[in-house]
Amino acid sequence: MFLLDLADACRGSGLRVLEVDGWRTRGHGRMSGVRTVVCHHTAGPPTGEAPSLNFIRDRGLAQLVLGRSGTVHVVAAGLCWHAGVVHDPSTGNAWAIGIEAEATGTAAWPTVQYDAYARLCAALVGHYRLTVARVLGHKEVAAPTGRKIDPNFDMAAFRALVTEHLEDDMFTPEDRAKLNSLASRADVGFARDQIMTHLGKDPTAGPVPPAGREGLEVARRVDVGFALEQIMARLDAIEARLPEPDPVDEQL
Ligand SMILES: [Zn+2]
């Protein structure tokens with residue numbers, strides 16, 4: 001597949017997005033799908049918005065280039081050669097969007113660029129229905145371990161920032177207040193329907209969960225991705241405060 005929706009997906013970040021001429025047909029053939037976002041740095045020159053852009057474009061080395069200003073350059077919709085040999089095929093070129101962020105790999109990252117990197121990843125996670133755990137650094141996926149060092153920031157901290165932006169994208173403050181209110185009443189079945197609706201899924205498509213503990217179990221089995229995981233984590237905390245179910249009546 002060619003990711004003809006990639007520019008739109010990037011625009012979901014709210015960042016400035018520039019479409020590089022020919023991006024829709026650029027790549028080394030088709031991708032198999034999108035299961036992973038692999039983050040890189042270019043190890044390029046120390047100044048300039050995106051001095052590595054043409055090199056990456058001409059060799060088909062990444063779908064996206066993130067400039068120092070936080071501008072996203074959409075380079076290719078097809079398969080790109082960025083990951084190389086990987087431990088897990090689902091993190092390889094056929095299944096991974098590669099982002100090359102313009103950076104020396106040694107200098108500090110401009111705050112605006114680092115934050116934009118996380119916003120871009122959050123937009124891709126939301127658009128392609130991934131989880132934040134699927135945002136990985138080249139240094140994490142490359143085999144053998146230690147073959148790559150990019151990007152030169154802590155990926156756990158980066159994913160935490162991606163999570164923050166994803167929540168920002170997914171829930172307005174009003175939504176958040178409503179969901180917290182629902183959770184506080186342990187009205188889990190209804191909360192789950194709200195989440196499903198929020199994610200654009202038909203809440204009536206699956207079995208309608210009853211409220212309470214049973215609904216919680218149903219919600220756990222429904223893979224609606226990151227948002228649900230977040231809600232479930234909150235509900236776990238609520239559940240810990242719920243009274244135990246009534247004991248079985250032992251009267252004969
Ligand atoms: Zn890399």
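Salt bridges link Asp8, Arg11, Glu19 and Arg24 in a network; a salt bridge is a side-chain nitrogen of Lys or Arg within 4 Å of a carboxyl oxygen of Asp or Glu. The model is predicted, so local features need pLDDT of at least 70 and side-chain atom pairs pLDDT 80 or more, while totals for chains, interfaces and linings use all residues. Residues are numbered from 1 along each chain as its sequence is written, and side-chain values use heavy atoms, without hydrogens and water.

**Exercise 1.** Find how Asp8 and Arg11 are placed in helix H1.

Step 1. The side chains of Asp8 and Arg11 form a salt bridge of 3.0 Å, N to O.
Step 2. Both belong to helix H1 (residues 6-11), and because they are three residues apart, about one helical turn separates them. Helices are DSSP runs of H or I with at least four residues, and strands are runs of E with at least two, numbered from the N terminus.
Step 3. An α-helix has 3.6 residues a turn, so residues three or four places apart point the same way.
Step 4. Arg11 has a relative accessible area of 38% and is partly exposed. Buried means under 20% relative accessible area, exposed over 50%, and partly exposed in between (1.4 Å probe, protein chains only).

**Exercise 2.** Check the length of helix H3 and describe its residues.

Step 1. With 17 residues at 1.5 Å a residue, H3 should span 24 Å; the expected span is 1.5 Å times one less than the number of residues.
Step 2. The end C-alpha atoms are 24 Å apart, which agrees.
Step 3. Buried residues in H3 include Tyr117, Leu120 and Leu124.
Step 4. Arg119 and Asp115 of H3 are four residues apart, about one turn, and their salt bridge has its closest N and O atoms 2.8 Å apart.
Step 5. Arg129, with a positive phi near 55°, follows H3.

**Exercise 3.** Which strands stand at the edges of the sheet?

Step 1. The open sheet has six strands in the order S1-S4-S3-S5-S2-S6, with mixed pairing. Two strands pair if DSSP finds at least two bridges between them.
Step 2. Strands S1 (17-19) and S6 (135-137) are at the edges; each has a single partner strand, so one side of each lacks a neighbour in the sheet.
Step 3. Strands S3 (residues 64-66) and S5 (residues 96-101) pair in the parallel sense over three bridges, and Leu64 stands opposite Ile99 in S5.

**Exercise 4.** Is Leu136 buried or exposed?

Step 1. Leu136 is found in strand S6.
Step 2. Its relative accessible area is 15%, so Leu136 is buried.
Step 3. Leaving out residues up to four places away in sequence, Leu136 touches, among others, Val37, Cys39 and Arg159; contact means heavy atoms within 4.5 Å.
Step 4. The C-alpha atoms of Leu136 and Val37 are 6.2 Å apart, although 99 residues separate them along the chain.

**Exercise 5.** Which residues are the protein donors of the zinc ion?

Step 1. His40 (ND1), His138 (ND1) and Asp150 (OD) lie 2.1 Å from the zinc ion. Donors are N, O and S atoms within 2.8 Å of the metal (3.2 Å for Na, K and Ca); water is not among the atoms, so sites may look incomplete.
Step 2. Their spacing in sequence is H-x97-H-x11-D.
Step 3. His138 is in helix H4 (residues 138-141) and Asp150 in the loop between H4 and helix H5 (155-170), so the pair ties together parts 12 residues apart in sequence.
Step 4. Both His138 and Asp150 are buried.
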